[in-house]
Amino acid sequence: MMRLEVKDLSLQVLLGCTPGEQKATQEVRASVFMTFDEPVAACRTDQLDDTVCYEKICNGFKTLAASKSFQTIEHLCLLMTHELKKHLPKAGAKARVRIH
């Protein structure tokens, strides 16, 4: 089993229960944990095209965080999990997002 992590990614999020709270961005930090049943293809090929691209994952999170305001951190976390899964192999990969 192989594990990859992105820790303490800083996101600027419009987050709050009321419209007033959602007027100013807040920093939210996220960590991402990915496990793979088998090593990703890049382990065998040493080719960048075969990697799980951290930059694409992080940019997807930043785009998502800037796309709307959120009332709950749970909703943001769920959408981040969906975004992460777009970048992982279809089989043998598990992902978890932790917001802190």
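**Ground rules.** I am working from a predicted model, where local features need pLDDT of at least 70 and side-chain atom pairs count only at pLDDT 80 or more, while totals for chains, interfaces and linings use all residues. Residues are numbered from 1 along each chain as its sequence is written, and side-chain values use heavy atoms, with hydrogens and water left out.

**Entry 1: serine 31.** I found serine 31 in strand 2, residues 25-36 (helices, H or I, of at least four residues and strands, E, of at least two are DSSP runs, numbered from the N terminus). Is serine 31 buried or exposed? Serine 31 is buried, at a relative accessible area of 1% (buried is under 20%, exposed over 50%, partly exposed in between, with a 1.4 Å probe and protein chains only). I then checked where its side chain goes: the side chain of serine 31 reaches the backbone nitrogen of aspartate 8 at 3.1 Å. Skipping neighbours within four places in sequence, I listed the contacts of serine 31 (heavy atoms within 4.5 Å) as Val6, Lys7, Asp8, Arg96, Val97, Arg98 and His100.

**Entry 2: helix 2 against helix 3.** I looked up how helix 2 (residues 54-67) meets helix 3 (residues 73-85): their axes come within 10 Å and cross at roughly 145°. Those axes are lines fitted to C-alpha atoms over the stretch in contact, with angles from 0 to 180 degrees between N-to-C directions. Helix 2 brings Ile57, Gly60, Phe61 and Leu64 to the contact, and helix 3 brings Leu76, Leu79, Met80, Glu83 and Leu84. I sorted the residues of this contact into 7 nonpolar, 1 polar and 1 charged (Ala, Val, Leu, Ile, Met, Phe, Trp, Tyr, Cys and Pro are nonpolar, Asp, Glu, Lys and Arg charged, the others, Gly among them, polar).

**Entry 3: salt bridges.** How many salt bridges does the structure hold? I get 4, a salt bridge being a side-chain nitrogen of Lys or Arg within 4 Å of a carboxyl oxygen of Asp or Glu. Glutamate 83, which also sits in the helix contact, pairs with lysine 86, closest N and O atoms 3.1 Å apart. Glutamate 83 is buried at 14%, whereas lysine 86 is exposed at 61%. Another network joins Arg3, Glu5 and Lys7 through salt bridges that share partners. Within it, glutamate 5 and arginine 3 have their closest N and O atoms 2.6 Å apart.

Technical notes: Polar contact = N/O pair within 3.5 Å; in protein donor to acceptor, adjacent residues only side chain to side chain.
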